[in-house]
Amino acid sequence: MKHEAKVIVALMVLFFSAQIIGLIIVDQYQVDDALPLNIERPDIEPENSYVQIFLFIIIATALALVLLKFKFFKVWKFWFLLSVFLTLAISFNAFIVEWLAIVLAIVLALWKIFKPQVYVHNLTELFIYGALAAVFVPILNIISISVLLILISVYDYIAVRKTKHMVALAKSQEDSKVFAGLMIPYGKKNVAILGGGDIGFPLIFSAVVMVQLGFNFTNWQSYIIPVCAGLMLLALFLKGEKKKFYPAMPYISLGCFLGLGILLLIL
């Protein structure tokens with residue numbers, strides 16, 4: 001196993017919690033489409049949106065690598081702080097009024113970045129990816145998110161196994177004490193992590209399918225894909241070895257497509 005059993009259980013609980021919270025957030029924005037702070041969604045056609053989104057991911061990753069390689073930690077932290085604030089404000093606004101969502105987002109974003117604490121870190125991570133889904137789901141359809149998932153899976157494999165720059169990015173984030181994803185310290189020096197993309201992409205895929213097929217978060221069918229994706233992630237945790245980095249997206253994407261296939265069969 002890649003981690004101790006109790007740590008794997010904790011990661012899986014957090015993963016599923018993020019998926020559930022995210023689907024609820026997306027569903028809430030189906031009722032009220034307006035995002036807080038007058039944030040506008042990208043003006044992109046769903047048919048080819050995967051191209052722009054994938055290019056944005058590549059550019060953002062390259063920028064992050066440059067900032068962390070040259071130890072521009074202050075710039076990195078400011079960028080991360082702004083991202084956390086905006087995503088938390090969007091997510092919280094799905095549940096509470098806008099001004100209170102903004103205040104809460106400011107407090108938690110500052111706490112997360114300047115006074116790192118594992119519980120606050122993971123709590124905020126549960127809400128961040130729902131905001132990303134709320135922004136991107138309306139500009140995607142099942143075909144475009146499927147292509148994006150394939151591209152991300154290939155990129156993840158290359159970035160972890162070949163170029164290894166994603167491994168360097170993860171280690172640099174630890175050095176900067178700012179990390180995008182779930183993080184559970186255990187033992188004396190061990191840390192179990194699950195990258196933000198491994199949480200966000202299956203959520204966006206599930207949310208797109210939920211919206212396109214006319215479900216909402218109260219329909220049990222909405223959770224078939226998260227369960228299948230989670231089971232494939234669990235298989236990776238059980239198969240993986242300690243101290244080794246693995247590209248999780250190929251496993252998670254396979255689970256997403258398996259879940260979609262099951263869903264289409266039972267409809």
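Phe15 counts as buried because its relative accessibility is 0%, where buried means under 20% relative accessible area, exposed over 50% and partly exposed in between (1.4 Å probe, protein chains only). The structure is a predicted model, in which local features need pLDDT of at least 70 and side-chain atom pairs count only at pLDDT 80 or more, while totals for chains, interfaces and linings use all residues. Residues are numbered from 1 along each chain as its sequence is written, and side-chain values use heavy atoms, with hydrogens and water left out.

Eight aromatic pairs are present in the structure; rings of Phe, Tyr and Trp (its six-membered ring) pair if their centres lie within 6.5 Å, and planes under 30 degrees apart count as stacked, over 60 as edge-to-face and the rest as tilted. One of the pairs joins Phe15 to Phe16 in an edge-to-face arrangement, with 5.5 Å centre to centre and 70 degrees between the planes. Phe16 counts as partly exposed, at 27% relative accessibility. Phe92 and Phe127 also pair edge-to-face, at 5.3 Å centre to centre and 65 degrees between the planes. This pair links distant parts of the chain, with Phe92 in helix α3 (residues 73-92) and Phe127 in helix α5 (residues 118-136), 35 residues apart. Helices (H or I, at least four residues) and strands (E, at least two) are DSSP runs, numbered from the N terminus. Both Phe92 and Phe127 are buried. Trp76, Trp79 and Phe80 make up one aromatic cluster.

The structure contains three salt bridges, each defined as a side-chain nitrogen of Lys or Arg within 4 Å of a carboxyl oxygen of Asp or Glu. In the bridge between Asp33 and Arg41, the closest N and O atoms are 3.2 Å apart. Asp33 is partly exposed at 46% relative accessibility, whereas Arg41 is buried at 17%. Lys112 and Glu125 meet at 2.9 Å, N to O. This second pair links distant parts of the chain, Lys112 lying in helix α4 (residues 98-114) and Glu125 in helix α5, 13 residues apart. Lys112 is buried, with a relative accessible area of 6%, and Glu125 is buried at 2% relative accessibility. Lys244 forms a salt bridge with Glu241, with 3.2 Å between the closest N and O atoms. Lys244 is partly exposed at 41% relative accessible area, and Glu241 is partly exposed at 42% relative accessibility.

Helix α9 (residues 224-239) has 16 residues and reaches 23 Å from its first C-alpha to its last, close to the 22 Å expected at 1.5 Å a residue, the expected span being 1.5 Å times one less than the number of residues. Its buried residues include Ile224, Cys228, Met232 and Phe237.
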